[in-house]
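Let's take a walk through a protein together. Keep the sequence and the 3D view side by side as you read.

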Amino acid sequence: HMLPNTLTIAIPERIGADILAACPHLAASTGSACHSGQVTPSATLLAIGATPDVAAGTIRLTLGRHTTTEQIQSAAHMVADAATS
């Protein structure tokens, strides 16, 4: 029971919103659409056992029907660069 086009990654000790701010050309979010604009850790992630620092560093990426391999690779590089800088 999962969404095959959605990936949630956690970058502990980082704030997901800060990572996304460093990736202005990446369309992604730090949580579900119903929590848009909130900077608090997802209650769902906390309920399944994520610690607050892990939940705060969570980013959600979703593929679309027309997403290309090159776009996926570019997104991975952007997030990795933002997470390590």
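**Contacts across the chain**

Begin with how the chain meets itself: of the contacts in the protein with a separation of 6 or more, 79% are between residues 24 or more positions apart. Contact here means heavy atoms within 4.5 Å. Before going on, please note that this is a predicted model, in which local features need pLDDT of at least 70 and side-chain atom pairs count only at pLDDT 80 or more, while totals for chains, interfaces and linings use all residues. Residues are numbered from 1 along each chain as its sequence is written, and side-chain values use heavy atoms, with hydrogens and water left out.

Now for the overall layout. The protein has 4 helices and 2 strands, and from the N terminus on they follow the order β-α-α-α-β-α. These elements are DSSP runs numbered from the N terminus: helices are H or I with at least four residues, and strands are E with at least two. Of the 85 residues in the protein, 20% are buried, a word that stands for under 20% relative accessible area, with exposed being over 50% and partly exposed in between (1.4 Å probe, protein chains only). The protein exposes about 6,000 Å², and carbon and sulfur atoms supply 60% of that area; such areas come from the Shrake-Rupley method with a 1.4 Å probe, and for residues only the protein chains shown count as cover.

Next, look inside. The largest nonpolar core has 10 residues: I11, I19, L20, C23, L26, I59, L61, A75, V79 and A82. Such a core is a set of buried Ala, Val, Leu, Ile, Met, Phe, Trp, Tyr and Cys residues joined through side-chain atoms within 4.5 Å. Two or more of its residues come from each of α1 (16-21), β2 and α4, and α4 gives the most, with 3 residues.

Let's zoom in on A82, which sits in helix α4 (residues 69-84). A82 counts as buried because its relative accessibility is 5%. Beyond its neighbours within four places in sequence, A82 touches R14, I19, A22 and C23. A82 and I19 are 63 residues apart in sequence, yet their C-alpha atoms are 5.5 Å apart in space. V79 also contacts I19 and C23, as well as I9, I11, L26 and I59, again leaving aside neighbours within four places in sequence.

Finally, visit T58 in strand β2 (residues 58-62). T58 is buried, because its relative accessible area is 5%. A polar atom of the T58 side chain lies 3.0 Å from the backbone oxygen of V54.

Notes. Polar contact = N/O pair within 3.5 Å; in protein donor to acceptor, adjacent residues only side chain to side chain.
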